[in-house]
Amino acid sequence: MYSLLGNMLASSASQYMLIAAAIMIPTVWLPDLSALSFLGVFGVTATTTVVASVLYTLVTGNFTAGALTHSALPATLPLVFGIMTFCYSGHGVFPAIQASMKEPQLFPKVLNVAFFLVAFLCTFIAAAGYYMYGAGAADIVIFNLPTLLATACSCLVLINPVAKFALTMEPVAAAANVAAGAGRPLTGLPRLAVRTALSLAILMAARSLPFLAHLMALVGSFMTISVSVTLPALCHLILLKGKLGTAKVLWNWFVVLLGVTCTVAGTTASMRSLAAKASAVAVGAA
């Protein structure tokens, strides 16, 4: 918001955070996830528009050809893999989403389609952005687009946090709600108070935590890969011990090995990157 609007509404990024919090916190007061469906429509619309804008720029050739690219950058691959994995870290909200559906038995199909679409769109954006802009690609590729498209897409992207905030926070809020009620879910004003307190804590963390991309890589490498890759394969092996064929057993062990390797490499790279950033800031302050 600060990059887009400058001093139009506030004089600093921190003040824009307060404005964003004032917009997003009321979404956590909604009674259930089904009430968030209308926000989800806006989020999907924003994502679709961004993808269409990148596709339009690619097809029309409205970019400078011959950007510097590399077949691979092994030194930064573990860090990037952690950031990429962070995109798939929404597993905690799956039970709540399934419970809010009118036809929960369709959830596995919905999940498969959703993951396929996310993988396809992320791959397209990454490939198209790198092809058009190469090493000059911005952290958020829409900033490389022609000015009009970049401005429109940036405004639309702001909708996504508003649409997803309450959904992402739902598992933590539900657990805190039960804990605060000594085993019984709170209702009414106590429920709103717990959710508001959690939202304010998130605001304080957002204002104080530096190097967000590197922290995302650390979370993605250390936690997301463990929860979404390594542990499911291990649980599958343990729960169905003696019932799986040789091919499935080998596949599960391959997934476990892949997960452990990516976790170690990604976590190490993220920690080193964070240490280097912190050291640079300390030197600059001195």
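Of the contacts in the chain with a separation of 6 or more, 70% are between residues 24 or more positions apart. The model is predicted. Its secondary structure comes to eleven helices and zero strands. Buried residues make up 26% of the 286 residues in the chain.

**Overall layout**
- From the N terminus on, the elements run α-α-α-α-α-α-α-α-α-α-α.
- The C-alpha atoms fill a box of roughly 55 × 55 × 45 Å, taken along the principal axes.

**Packing of helix 2 and helix 9**
- Helix 2 covers residues 13–24, and helix 9 covers residues 188–208.
- The two pack at an angle of about 155 degrees, with axes 11 Å apart.
- Helix 2 is therefore roughly antiparallel to helix 9, since angles over 145 degrees count as such.
- The crossing of helix 2 past helix 9 is right-handed.
- Helix 2 makes the contact through Ser-14, Met-17, Leu-18 and Ala-21.
- Helix 9 contributes Leu-203, Ala-206 and Arg-207.
- By type, the residues of this contact divide into five nonpolar, one polar and one charged.

- Side chains of opposite charge can pair when their charged atoms come close.
- The count for this model comes to one salt bridge.
- The side chains of Arg-195 and Glu-170 form the bridge, at 3.3 Å from N to O.
- The pair links distant parts of the chain, 25 residues apart.
- Arg-195 lies in helix 9, and Glu-170 lies in helix 8 (residues 159–180).
- Both Arg-195 and Glu-170 are buried.

Technical notes: Residues numbered from 1 in each chain as written. Predicted model: local features only at pLDDT ≥ 70, side-chain atom pairs only at ≥ 80, totals over all residues. Heavy atoms only, no water. Axes fitted to C-alpha atoms, helices over the stretch in contact; angles between N-to-C directions. Helix = DSSP H or I, 4+ residues; strand = E, 2+ residues; numbered from the N terminus. Parallel < 35°, antiparallel > 145°, perpendicular 65-115°, else oblique. Left-handed = near helix turned anticlockwise from the far one by under 90°. Contact = heavy atoms within 4.5 Å. Nonpolar A, V, L, I, M, F, W, Y, C, P; charged D, E, K, R; others polar. Salt bridge = Lys/Arg side-chain N within 4 Å of Asp/Glu carboxyl O. Buried < 20%, exposed > 50% of the residue type's maximum accessible area, 1.4 Å probe, protein only.
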